[in-house]
Amino acid sequence: MSFLTDVLSTSSAAVAASAFLPSETHASPVKRAETVTYTYTDATSTATYTYVVHKQPRVMNAYYGWLSLLAVATVMNACFIAWALHRRFRGKAGAPSGSAQPNGRLSLRRLPHAILTWSRIVGFRLRIPRVEMNLIEFALSIMYLAGCLAFTFAPTDNVKPYVHLQPNYIGAKSGLIAAGQMPLAVFLALKNNPITWLTGIGHEKLILMHRIVSRCILVCTWIHFVGEYYSYKNAGVLYELIDEGWEIAGAVAAVAQTITTIFGIKQIRHRYYEIFYSSHVALILIFVICMHIHLIPMLCPYYIWPIYIIWGFDRGLRAARYLLFNVILRPKSHKALVEHIGADGLRVTLKRRIPGGWTAGQHVFLAFPKLGVESHPFTIGNIYEKEEGDNEAEMVFIIRAMGGQTRTLLDRAMKTGSCELTAFFDGPYGHPEDIRPFTTCIFIAGGTGVTYTIARMHQLFKDVQASKAHSKRVVFVWAVRTETEYEWVATDIAKVVALVPSSISLLVEVYLTGEKRDNALQGLPDLEKDDVDVEKDGALTTTSSKERSSSRSSSNEKADVSGASTPTKPAAAYFASGATTPTTACADGSFAFPRPGIVLKSGRPDVRTILEEEITTSAGAVAVDVSGPDGLVDAVRSSLTEPFAGPVATMRGTPTVLLSVEQFRM
C-alpha cells in the first residue's frame, strides 16, 4: 500500500492523476488514456503494477474562449470606426445625416437600429443590484467560473469516470487550471494593453475582467488545497501535506492571493486605496514567485514564464514613457503648482512636452516623490494646446482631497494657499469614445467628474470648427454640492462656452445640490419657466431648444443669468497660473456671479427628463458622456433603459444612443 500511495501522490502532484485498473479495462475506450506498467523490485520480491494516466484538462480551452470574445469585440470596434468615418465624411459632403423624427409608426428599415439599441440596453446598461457589473460582465463571470469548475470536476476521458471525483484528481486538476489562468489575469491588468488597441476598451474597464479571472483562480486554488488535504488525509499521511519547500511555497502563495483579494473588495479598496495599492504590489509579487517554486516539481513552471514576459513588456513601455516625458524631454520645471481652491478642492498644474499630445478625457497617473511612491489616476481637465513659441503643454487637474496622499497635498497647499512640488506622470491612458459623428452630445457630470466632460466638450467645439465633427446640439449638465465647488471650474466653463461654434445650440446647466444658494445671489432676477441657450458667439437666445428645456424649471429650480464675473483674487494671484484659474470665495463669503450663458439651479438634476427631451427631439444619433458618483451614473444608465430610448422607440424614429461612462475601477 505504501507504493500505491506513492504512485497516487506523485501522479497527482504532476497532474497525471492515476488509478489502478485491470488491464482489460482499456479494451476500447472512446477517449484513450495512457496505460503504464511499472515494475518494482526490492531485496526479496519483484512486483509489476499497471495503472492509468488520465488525460489532463485542456487549460487552453479557456484561452480559446477569450480569443473568440476578443475577435468579436475587435470586429465590433472596426464596425464602429467605419460607421464614424462614414458619418464624418458624409457630414463634410453636406449630405443630411439625421434620422427621421419619431412619427409613431414602426419602420422595419430601422430594425437594425432597434437591435443595436436592445443589445446596448441588455448588455451594458442593465445592472445587477449591489454588484458593480452589467449583465454582460456578470454573464461572463458566471460562465467563466462555471467553465473552470466544469474542467475541474468533469472527466477528461471515459475510463472509470468516477475516479475523477476522487480528492486527489479534483485537487490536481483545479491546481493546473488555476496555474493556467495566471498569465491571463496579468495580461488583463496591463496599462499598455493590446486589447485596448484592438477593441477600444480602456485598461480601466479591463481591470474588472482582471478581477473576475483572479477570483476564479482563487476559487480553484482553494479547491486544489482541499482536494490535496483529503487526499493526504485518506492516505493517512496528512503530516506530509506541507513538509517540503515547494509545498510551503504553494501555501504561502494561496494565503498571499487570499489577502490581496480581500483587500480588493470595493469598499475596502476605495476606503484604504494606499494600503491596497502597496500591499497588492507586494502580495502579488510573493504570489507569483511562490507559485513558480510550487510548480517546478509539478513539471509545469511554463505557466509562470509568460507572466514575467507580459509584466516586463508593460513595465518596459511604462518606464520608457516615464523617462521620455519626465527626463529625456526635460521640462523647464519638474515642479507642479498645487493650489487650494476652496473647501477640499485642489488645482494641480504642470507643463510637459508630450509628442502627439493627449485625447480629451484621458487620464494620467500622478506621483509626488516627496509624498510617497504610489501614484494616483487623475483625469486631465483640459485639452492639448501649446502656447505659441512654447513646446510645452499645460496639464490641469481638479482634485477633491479625500484621504492619504490627496489629503497630504491639501494640508501642504492650505498653509499658504499654494505650493510647488516635484511631480512625475505616467500616461496618458484611456480610450474615450469618438463622439464626432453624433448629432447631439450630452455631457453629465457630478463633482470632480466635470474635468472629464468639460475637456470633452471643449475638444468637440474645436473639432466642429475644424469641420471634423458635425454636432448640432450640445447639453452640459453638472451637479455639484456647493457654490464654492462650482467656482472651482466656473471660469473654465465660461471660457469653453465662449468658444461655442455658431452652428451649435448649447445649453449649460449647473445644479447646486448640497446647500441653498448664497444670499449674494438670492436677489438676482429669475427667468420664469425659461432656461437659457447659447448659440451664436455665446449670445443668449430663445430657441425651440429653450422651449424643450423650459418644462424642467420649477419653483426651486430657477435660472440665474448675470453679467461677466469679477475675480475674487488680486490680479497677480488670479493670473498666476494662467487665464483659466477659477475664483474662490470672497472674504465676506459671497461668490462670483454666474457666467454668461450658464444656468444655475438648486436641487438635483432630473436626468431622465433631460435625456428624454433631448433624445426624442434629436435629428440624429445621440452620444451621452457621464462621469461622477455611482448614484449619478446609475441614474443615467437606468434612464436610458426607459421606453423613450428603447428598441420600439428606435423603430418609430428615435435615434440610437451611445453611452460612455468614465469611472475608475482601481
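Me: Is Gly 175 buried or exposed?
Reply: This is a predicted model. In it, Gly 175 is buried, because its relative accessible area is 14% and buried means under 20%.

Me: Which element holds Gly 175?
Reply: Gly 175 belongs to helix H5, which covers residues 167–188.

Me: How far apart are Gly 175 and Thr 152 in sequence and in space?
Reply: They are separated by 23 residues in sequence. In space, their C-alpha atoms are 8.8 Å apart.

Me: Now the sheet. How do strands of a sheet pair?
Reply: They pair through backbone hydrogen bonds, in a parallel or an antiparallel way. Here, four strands make an open sheet. Their order is E8-E5-E4-E9, and the pairing is antiparallel.

Me: Which strands stand at the edges?
Reply: Strand E8 (393–400) and strand E9 (418–422) do. Each has a single partner strand, so one side of each lacks a neighbour in the sheet.

Me: How many bridges join E5 and E8?
Reply: Eight bridges, in the antiparallel sense. Strand E5 spans residues 345–352.

Me: Which residues of E8 stand opposite Leu 346 and Val 348?
Reply: Leu 346 faces Ile 399 across the pairing. Val 348 stands opposite Phe 397.

Me: Where do side chains point in a regular strand?
Reply: They alternate between the two faces of the sheet.

Me: How many residues of E8 are buried?
Reply: Seven of its eight residues are buried, so by the cut-off of under 20% relative accessible area E8 is mostly covered.

Key:
Residues numbered from 1 in each chain as written. Predicted model: local features only at pLDDT ≥ 70, side-chain atom pairs only at ≥ 80, totals over all residues. Heavy atoms only, no water. Pairing = 2+ DSSP bridges. Helix = DSSP H or I, 4+ residues; strand = E, 2+ residues; numbered from the N terminus. Buried < 20%, exposed > 50% of the residue type's maximum accessible area, 1.4 Å probe, protein only.
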